[in-house]
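The following exercises concern one protein chain. Please examine the sequence and the coordinates before reading the solutions.

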Amino acid sequence: MSTESHRSSELSAAASRSVQMLPSNDCSHEPHCPGAYDVDHGAARVVSCHPEQGWSLLCNGVVLFDDTGEILPDGHCTHARRADLTAAALHRAA
């Protein structure tokens, strides 16, 4: 198993354990955080931040990575959008 895939599986397992410890998607914040499957789910509050490892756990159970990749509570992963963000930044500079 490659180091990258091993790290990814470790993070997925950690995220699953963290999500299971969270109360059932009942956000206690006012106003309530968006749900994990809402379009604006990245706007939820951070409940656990690990900048040294490059990820944060949001109130809605989403694990958000510094490179904009995500793991949703059901284990579905979204790829990093770093290339999209870089292209947008270059476009703005022009």
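The model is predicted: local features need pLDDT of at least 70, side-chain atom pairs count only at pLDDT 80 or more, and totals for chains, interfaces and linings use all residues. Residues are numbered from 1 along each chain as its sequence is written, and side-chain values use heavy atoms, with hydrogens and water left out.

**Exercise 1. Describe the order of the elements and the arrangement of the strands.**

Solution. 
- Step 1: The chain contains two helices and five strands; helices (H or I, at least four residues) and strands (E, at least two) are DSSP runs, numbered from the N terminus.
- Step 2: Read from the N terminus, the order of elements is α-β-β-β-β-β-α.
- Step 3: The five strands make an open, antiparallel sheet in the order β1-β2-β3-β4-β5, where two strands pair if DSSP finds at least two bridges between them.
- Step 4: At the edges stand β1 and β5 (77–78), each of which pairs on one side only.
- Step 5: Four bridges join β1 to β2 in the antiparallel sense, and valine 46 is opposite leucine 58 in β2.

**Exercise 2. Identify the nonpolar cores and the extent of burial.**

Solution. 
- Step 1: Buried residues make up 29% of the 94 in the chain; buried means under 20% relative accessible area, exposed over 50%, and partly exposed in between (1.4 Å probe, protein chains only).
- Step 2: A nonpolar core is a set of buried Ala, Val, Leu, Ile, Met, Phe, Trp, Tyr and Cys residues joined through side-chain atoms within 4.5 Å.
- Step 3: Eight residues form the largest such core, namely Cys27, Cys33, Ala36, Ala44, Leu58, Cys59, Val62 and Leu72.
- Step 4: A second, separate core has five residues, including Trp55, Leu57, Phe65 and Ile71.
- Step 5: Beyond neighbours within four places in sequence, alanine 44 touches Cys33, Pro34, Leu58, Cys59 and Asn60, a contact being heavy atoms within 4.5 Å.

**Exercise 3. Characterise asparagine 60: where does it lie, and what does its side chain reach?**

Solution. 
- Step 1: Asparagine 60 sits in the loop between β2 (55–58) and β3 (63–65).
- Step 2: Asparagine 60 counts as buried because its relative accessibility is 5%.
- Step 3: Its side chain reaches the backbone oxygen of proline 34 at 3.0 Å and the backbone nitrogen of valine 62 at 3.2 Å.

Notes
A polar contact is a pair of N or O atoms within 3.5 Å; within protein, one must be able to donate a hydrogen and the other to accept it, and residues adjacent in sequence count only if both atoms are side-chain atoms.
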